[in-house]
Amino acid sequence: MSHRILILGGTTEARQLAGRLAARPDVELILSLAGRTENPVAQQVPTRVGGFGGAEGLAAYLKETETDLLIDATHPYAARISANAAEAARLAGVPILALRRPGWQREQGDRWVEVEGVPEAVAALGPIARRVFLALGRQEVGAFEAAPQHHYLLRSVDPVEPPLGVSHVDYLLARGPFREVDEHRLLVDQRIDAVVCKNSGGEATYGKIAAARSLGIDVVMIRRPVLPAVPSAPSIPDLLAMIDHSLRPVAERGV
């Protein structure tokens with residue numbers, strides 16, 4: 001018997017999970033991408049790009065496609081998508097599981113200033129001009145126009161359009177993962193004295209955190225949003241075990 005699974009993706013783990021599930025003969029898989037990245041990494045599984053039209057639209061899609069399981073493997077900061085996914089699963093009566101990588105933990109030597117959101121990150125930089133590395137999505141950097149006194153280094157996967165409306169900004173197009181040694185060199189070469197980022201977790205982008213620690217550089221860390229309380233796992237192996245349990249007939253689960 002084949003099971004239809006929809007993965008809401010956009011992360012490295014989502015791509016890896018999709019690859020694992022696509023190899024199974026008992027699974028019909030669709031990987032959904034929101035479409036925020038202009039040139040996403042090529043996927044080796046059936047993929048759809050674009051939104052569903054909120055929770056109601058996603059619920060309708062789940063019903064129309066007779067999906068057996070919805071997996072939320074979006075970015076830890078995709079709070080709206082996660083909320084819509086949880087509500088859609090409820091409306092459609094479809095089980096939902098989430099893959100949620102653990103956040104980074106502060107270590108000795110870290111100079112973190114934790115804030116609730118991007119506006120608070122702007123304020124945390126202070127009034128005196130600094131050289132700031134913005135490791136944020138291109139959709140969020142516009143808020144830093146409110147602090148034009150700083151010199152910004154902005155790294156993104158796609159070009160920032162329109163450009164940031166400040167006098168001093170450099171752009172760097174790059175896609176992770178980023179090694180600590182390379183991040184260390186970048187911070188030194190660019191004379192960075194503050195990093196602004198999200199607590200994304202995982203290893204792919206941790207290099208800048210470790211490099212900032214070794215250099216004694218301030219990190220303005222945007223805290224994670226509150227996500228819906230749905231069954232979740234911190235890793236792909238753990239989630240695969242939950243998927244196996246979810247797809248088993250009720251009589252075999254012992255419930």
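I started at one residue pair: in β12, the bridge partner of Ala98 is Ser232. Before going on, I noted that this is a predicted model, where local features need pLDDT of at least 70, side-chain atom pairs count only at pLDDT 80 or more, and totals for chains, interfaces and linings use all residues. Residues are numbered from 1 along each chain as its sequence is written, and side-chain values use heavy atoms, with hydrogens and water left out.

**Entry: the sheet with β12**

I looked up the strands around that pair. β5 (residues 96-99) and β12 pair in the parallel sense over two bridges. For my own reference, two strands pair if DSSP finds at least two bridges between them. Strands (E, at least two residues) and helices (H or I, at least four) are DSSP runs, numbered from the N terminus. The open sheet here has six strands, ordered β3-β2-β1-β4-β5-β12, with parallel pairing. β3 (47-49) and β12 (232-233) are its edge strands, each pairing on one side only.

Which helix packs on this sheet? I found α2 (residues 54-64), which touches β1 (3-8), β2 (27-33), β3 and β4 (69-72). Its direction makes about 155° with that of β1. Angles run from 0 to 180 degrees between N-to-C directions, and axes are lines fitted to C-alpha atoms, for helices over the stretch in contact.

**Entry: the other sheet**

I then traced six strands in the order β6-β11-β10-β7-β8-β9, again an open sheet with parallel pairing. Its edges are β6 (111-115) and β9 (169-173). From one strand to the next, the twist averages 20°. β8 (residues 151-156) pairs with β9 over five bridges, and Ser156 stands opposite Leu173 in β9. Helix α5 (residues 180-189) lies across β7 (131-135), β8, β9 and β10 (194-198), at about 155° to β8.

**Entry: α1 against α7**

How do these two helices cross? The axes of α1 (residues 12-22) and α7 (residues 236-247) come within 11 Å and cross at roughly 45°. They are therefore oblique to each other; angles under 35 degrees count as roughly parallel, over 145 as roughly antiparallel, 65 to 115 as roughly perpendicular and the rest as oblique. Glu13, Gln16, Leu17, Arg20 and Leu21 in α1 meet Ile236, Leu239, Leu240 and Ile243 in α7 (contact means heavy atoms within 4.5 Å).

**Entry: domains**

Last, I checked the division of the chain: domain 1 is 3-101 + 226-252 and domain 2 is 112-222. Their C-alpha centres lie 30 Å apart. The bounds come from an automatic or database domain assignment.
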